[in-house]
Amino acid sequence: MSRIEYFRVWQQRCAFTTLRRVTGLGALALLLNGCSASQHISQGEPAVESNPLHEPQPFERLAPVTYTPEAWPQALKATVYLPNGSTDTRRPAALVVHGGGWRNRTPQDMQGIAEQLAGQGYVTVNVEYRFAPEYRFPNQLHDLQQAMSWIHANADEWQVDTDRIVGVGFSSGAHLVSLLALAGVEGPLAEPYGGEQSRLAAVLAGGLPSDLLKFEDGPLVVDFIGGTRAEETETYRLASPAWQITPQAPPFFLFHGKWDKLVPVDHATDFYQALQANNIESELYLQRWRGHITSFLLRGGAIDAGIAFLNRQVNP
């Protein structure tokens with residue numbers, strides 16, 4: 001068994017253990033029967049078929065450190081994963097952002113993905129951000145813009161090529177990295193912390209809530225925005241990645257559970273169609289028999305395909 005195969009088996013066992021605790025054995029058995037089923041949509045050959053993942057390489061996980069400025073309203077930490085070995089050439093980096101409805105969870109949720117990215121040669125930065133309802137949009141985007149500034153400030157030490165920084169996120173984390181990629185460089189959301197240093201070369205987004213106007217006025221989105229759709233219509237549009245797509249958008253890889261009830265699958269399919277309409281290189285990986293949480297817990301094939309897509313964009 002190769003190291004890549006061993007790593008995939010280890011990921012699946014960890015996911016199955018977690019899922020067993022969450023759903024019970026009956027639901028687990030149902031999901032396992034279809035765990036490999038997926039629908040991969042791409043205009044050309046999917047990256048994972050033409051560019052399989054590299055053999056994992058060793059990396060070092062640094063202790064969490066504060067990445068925000070001293071005067072920031074809340075000190076936020078990031079964990080950095082550095083590929084081992086000195087290099088004469090600069091490496092790509094990955095900004096990794098966890099989910100949790102903009103209001104909870106931690107970067108630990110993304111540790112497995114961060115480790116896989118580091119094993120592929122990315123300087124990987126797994127970050128915290130401020131939570132709603134205490135901090136509302138666009139504060140979370142400002143946090144990510146500060147994280148990008150911090151990566152740029154440390155680029156020489158970490159040997160990062162700042163033209164090859166990708167964004168990776170799930171659920172609300174996917175929303176934030178997508179918004180950073182589409183609206184963090186210029187326009188109203190670029191001020192005062194964005195600009196060129198916020199530019200991403202590609203995005204891997206899972207369970208993406210792409211259009212906030214599609215949601216009923218439930219507490220998650222209302223707390224994040226600070227009002228209902230009727231009260232804050234323009235803010236909902238501004239906060240929706242789907243409303244920010246232009247022909248200048250970076251390449252996107254999307255994965256989404258077809259049974260997702262929290263973020264229905266049309267958030268992914270409509271977003272993908274809008275990317276295609278703007279001639280943006282993109283792939284869509286639909287996971288059969290997956291809801292929102294299970295699309296993340298049983299994500300192995302989707303993440304492999306997504307990282308292969310990122311590898312094709314930035315060549316780690």
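Predicted model: local features only at pLDDT ≥ 70, side-chain atom pairs only at ≥ 80, totals over all residues.

Biologist: Which residues of α4 and α12 meet, and how do they divide into nonpolar, polar and charged?

Modeller: From α4 come Ile113, Gln116 and Leu117, and they meet Ile303, Asp304, Ile307 and Leu310 of α12. In this contact of α4 with α12, five residues are nonpolar, one is polar and one is charged.

Biologist: Why is α4 described as mostly covered?

Modeller: A residue counts as buried under 20% relative accessible area, and eight of the nine residues of α4 are buried, so the helix is described as mostly covered. The buried residues of α4 are Gly112, Ile113, Ala114, Glu115, Gln116, Leu117, Ala118 and Gly119. Just after α4, glycine 121 takes a positive phi, with a value of about 105°.

Biologist: The other pair to examine is α5 and α7. What makes α5 roughly perpendicular to α7?

Modeller: Helix α5, residues 139-153, and helix α7, residues 172-183, pack at an angle of about 65°, with 10 Å between their axes. The class called roughly perpendicular runs from 65 to 115 degrees, and therefore α5 is called roughly perpendicular to α7. Here too a handedness can be given, for α5 passes α7 in a right-handed crossing.

Biologist: Which residues form the contact of α5 with α7, and how do they divide?

Modeller: On the α5 side, Gln140, Leu141, Leu144, Gln145 and Met148 meet Leu176, Val177, Leu179 and Leu180 on the α7 side. The residues of this contact of α5 with α7 divide into seven nonpolar and two polar, with no charged residue.

Biologist: Let us turn to the loops. Why is alanine 239 called buried?

Modeller: Alanine 239 lies in the loop between α9 (233-238) and β9 (252-257). Its relative accessible area is 0%, and the cut-off is under 20%, so alanine 239 is called buried. Leaving out residues up to four places away in sequence, alanine 239 touches Phe137, His175, Leu179, Leu212 and Ile225. Although alanine 239 and leucine 179 are 60 residues apart in sequence, their C-alpha atoms are 7.3 Å apart in space.

Biologist: And how do you know that threonine 68 is buried?

Modeller: Threonine 68 sits in the loop between β3 (65-66) and β4 (77-83). With a relative accessible area of 8%, against a limit of under 20%, threonine 68 therefore counts as buried. The side chain of threonine 68 reaches the backbone nitrogen of leucine 76 at 3.1 Å, and, neighbours within four places in sequence aside, threonine 68 is in contact with Gln74, Ala75 and Leu76.

Biologist: How many helices and strands does the protein have, and what share of its residues counts as buried?

Modeller: The protein has 12 helices and 10 strands, and 53% of its 316 residues count as buried. Among contacts with a separation of 6 or more, 76% are between residues 24 or more positions apart.

Terms used:
Residues numbered from 1 in each chain as written. Heavy atoms only, no water. Contact = heavy atoms within 4.5 Å. Helix = DSSP H or I, 4+ residues; strand = E, 2+ residues; numbered from the N terminus. Nonpolar A, V, L, I, M, F, W, Y, C, P; charged D, E, K, R; others polar. Buried < 20%, exposed > 50% of the residue type's maximum accessible area, 1.4 Å probe, protein only. Polar contact = N/O pair within 3.5 Å; in protein donor to acceptor, adjacent residues only side chain to side chain. Axes fitted to C-alpha atoms, helices over the stretch in contact; angles between N-to-C directions. Parallel < 35°, antiparallel > 145°, perpendicular 65-115°, else oblique. Left-handed = near helix turned anticlockwise from the far one by under 90°.
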